[in-house]
Amino acid sequence: METLLVHTRLATAALTLLAVGLAPLTLPTAASAAPARHTDDFNGDGYADLAVGVPSATVGGKAKAGYVSVVFGGEYGPGPHSVRVITQATVEVPGTPEAGDRFGGAVTTAHVDDDQYADLVIGAPGEDIDAKTDAGSVTVLYGTGDGFALANTAARGAQSGDAYGNALAAADFTGDTDVDLAIGGKDKVVANLNPYAADTTPLMADRMGGRAPVMTTGDFDSDGRPDLAVAFYTQNQPYTQSHVQVRSYLKDEGYFGLAFSSDNSAAGALAAGDFNGDGHDDLALGNCREIADENIDDPCGPEELAKGGGIHIHYGDGSGLVWQGQTLNQDTAGVPGVAETGDDFGNALAAADIDGDGKDDLIAGAPGEAIGSAARAGSVTVLKGGTKGILDDRGAASAVAYQQNSPGILGAAEAGDTFGAALAFGDHNGDGVPDLSVAAPGENSSAGGVWDLPGAKAGGSVVTPNSLGLPASSNPYAYGAVIGR
């Protein structure tokens, strides 16, 4: 396994001085930067922070009790500034670490209490509630000037196997200016419209094959309130079905109604963004493929573009999502690489306006991509948005791809790294440009790591369990498999 350079040169210099016993290098502070209000700035210093769930980690001898690693941002990105480990043994956090809790199994961020500090929402799908095994729970941990303060439980599974907290999304679905939570459980999604208490109501239920639903949020009908997009599928339990659905909160009825449904399409990832700059949110379906082979209106676009993982984009028109959209894979003109079975192109997605042109760009992870002879080494592709969307009027993309053998990317591509397995954006260095976090949970025998690419370009740094000094675990960390966003 390769030896990774951990931080930028200045950060490395600071570590070197400490190692030889000299006075540490003082890094510049955020005093010269105008503090920004990020949904992932937990200490209010104007820099976005990185929250990584490590549900497989051992805590106090309890295997897979799990924790969340918060890596604080700063002028040199995440890593050299400080890190905090949050477990159910942390003073503010309800509960006790127990084997199999999988605390950190899902993580999202939001301003729940609407102050200047972002708050952390953490799922523990393996949490036992009284005698109910794997009922699951959700915790909200509130940010403060020194990191975090109080916490409360926002959801408790009602019965064994509910697995509340295996997926999370946060947004103001009701339009009352307060943050609401969508919480994935086994074969269901519930809503908490008051995260200060553990009160949940049904949002939707269907067979999901025991898998966590994939969720994202966006205002797809342009009514000024976010909607919830959910993808899930079942195979042979007792039948094969798959869906991508959009659920909108109906104020008069007081529940989430079905606004859009793409039957028979399974997506490994979802991302919302305005990819054509028309002011309406669009929905990208990553690693989209037909499950039941019923050929129902080609829910993922032309079937030949599903090879290796296809991305299908439904564009918003002001009243909802348009069925016909754009479809691409690694055989599409302008997309680097070649579509090959098992690439899982689009199995992770993230969206942000990287270049500030008013059109969101789409990042696609392909964790199954082979790099040379290194199977499942992984790669990421940056797809630029334009006036026609991700594809131009000729059906071509403007894109660049990165992997661990790319110039400026730390490390080396090795079999099983799964670089690109999870993605997120945050302005970690405070320069006003979104930075891309790329996870490789298979790195170094599944110890894992998260790469910080400033402006979604080559360069930056990487944080690993070793570089952060995280507690030892009897199970592989798979660090980066869960990233807060």
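**Aromatic rings and their surroundings**

Modeller: Phe173, Tyr249 and Phe256 are linked into a cluster by ring pairs. Rings of Phe, Tyr and Trp (for Trp, its six-membered ring) form a pair if their centres lie within 6.5 Å; planes under 30 degrees apart count as stacked, over 60 as edge-to-face, and the rest as tilted. The model is predicted, so local features need pLDDT of at least 70 and side-chain atom pairs count only at pLDDT 80 or more, whereas totals for chains, interfaces and linings use all residues. Residues are numbered from 1 along each chain as its sequence is written, and side-chain values use heavy atoms, with hydrogens and water left out.

The structure holds six aromatic pairs. One of them joins phenylalanine 173 to phenylalanine 256 in an edge-to-face arrangement, with 5.6 Å from centre to centre and 75 degrees between the planes. Because phenylalanine 173 lies in the loop between β8 (167-171) and β9 (180-185), while phenylalanine 256 belongs to strand β15 (residues 255-263), this pair ties together parts that are 83 residues apart in sequence. Strands (E, at least two residues) and helices (H or I, at least four) are DSSP runs, numbered from the N terminus. Phenylalanine 173 and phenylalanine 256 are both buried, a word that means under 20% relative accessible area, with exposed over 50% and partly exposed in between (1.4 Å probe, protein chains only).

Phenylalanine 419 and tryptophan 451 also form an edge-to-face pair, at 5.5 Å centre to centre and 90 degrees between the planes. Phenylalanine 419 sits in the loop between β24 (399-402) and β25 and tryptophan 451 in strand β27, so the pair ties together parts that are 32 residues apart in sequence. Phenylalanine 419 and tryptophan 451 are both buried.

These two residues lead to the core. A nonpolar core is a set of buried Ala, Val, Leu, Ile, Met, Phe, Trp, Tyr and Cys residues joined through side-chain atoms within 4.5 Å. The largest one has 20 residues, and those touching the most other members are Ile363, Phe419, Leu423, Phe425, Leu436, Val438 and Trp451. Two or more residues come from each of β21 (348-352), β23 (379-383), β25 (422-426), β26 (435-439) and β27 (450-453). The most, three residues, are given by β21.
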